[in-house]
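User: Could you walk me through a protein model, step by step? I'm new to this.

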Amino acid sequence: YNRKSSALELLIKNLEIEKSLTDVNRVLGLSTSGLQKFSTELFSISKQTASSFDDATKAALEFSRQGLNTQETLKRTADALTLVRLTGISSRQAFED
């Protein structure tokens, strides 16, 4: 039972990640290879800032909606998640206000 539950949770998490990246790509309009590179960089930012990938994609979506290009979106996402880690403010405050 635990294996099935864990496998189901993993599948759900993978689908959530895929949906989040699709949402970001709707705004950025990247090619398949561009989205793959963006995803890799976003995972790296998430790891470096000890943030969840969900928070990273939410931040990236907000910054991309502001009309920022891919590199600026990644830079501001990294800055916002670093701010979250250093100050203890919520991720919503860091990238939505």
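User: Is Thr73 buried or exposed?
Analyst: Buried means under 20% relative accessible area, exposed over 50%, and partly exposed in between, using a 1.4 Å probe and protein chains only. Thr73 has a relative accessible area of 0%, so Thr73 is buried.

User: What are these values based on?
Analyst: This is a predicted model, where local features need pLDDT of at least 70, side-chain atom pairs count only at pLDDT 80 or more, and totals for chains, interfaces and linings use all residues. Residues are numbered from 1 along each chain as its sequence is written, and side-chain values use heavy atoms, leaving out hydrogens and water.

User: Which residues is Thr73 in contact with, leaving aside neighbours within four places in sequence?
Analyst: Contact means heavy atoms within 4.5 Å. With those neighbours set aside, Thr73's partners are Leu28, Phe38, Ala60, Phe63, Ser64 and Leu68.

User: Where do the buried residues of α4 fall, seen down its axis?
Analyst: Helices here are DSSP runs of H or I with at least four residues, numbered from the N terminus. The buried residues of α4 include Thr73, Leu74 and Leu81. The arc uses directions from the helix axis to the C-beta atoms. Those buried residues fall within an arc of 170 degrees, so they line one face of the helix.

User: What about Phe43: which residues does it touch, not counting those up to four places away in sequence?
Analyst: Phe43 lies in helix α2, residues 32-48. Phe43 counts as partly exposed because its relative accessibility is 38%. Beyond those sequence neighbours, Phe43 touches Ile17 and Phe53.

Key. Helix = DSSP H or I, 4+ residues; strand = E, 2+ residues; numbered from the N terminus.
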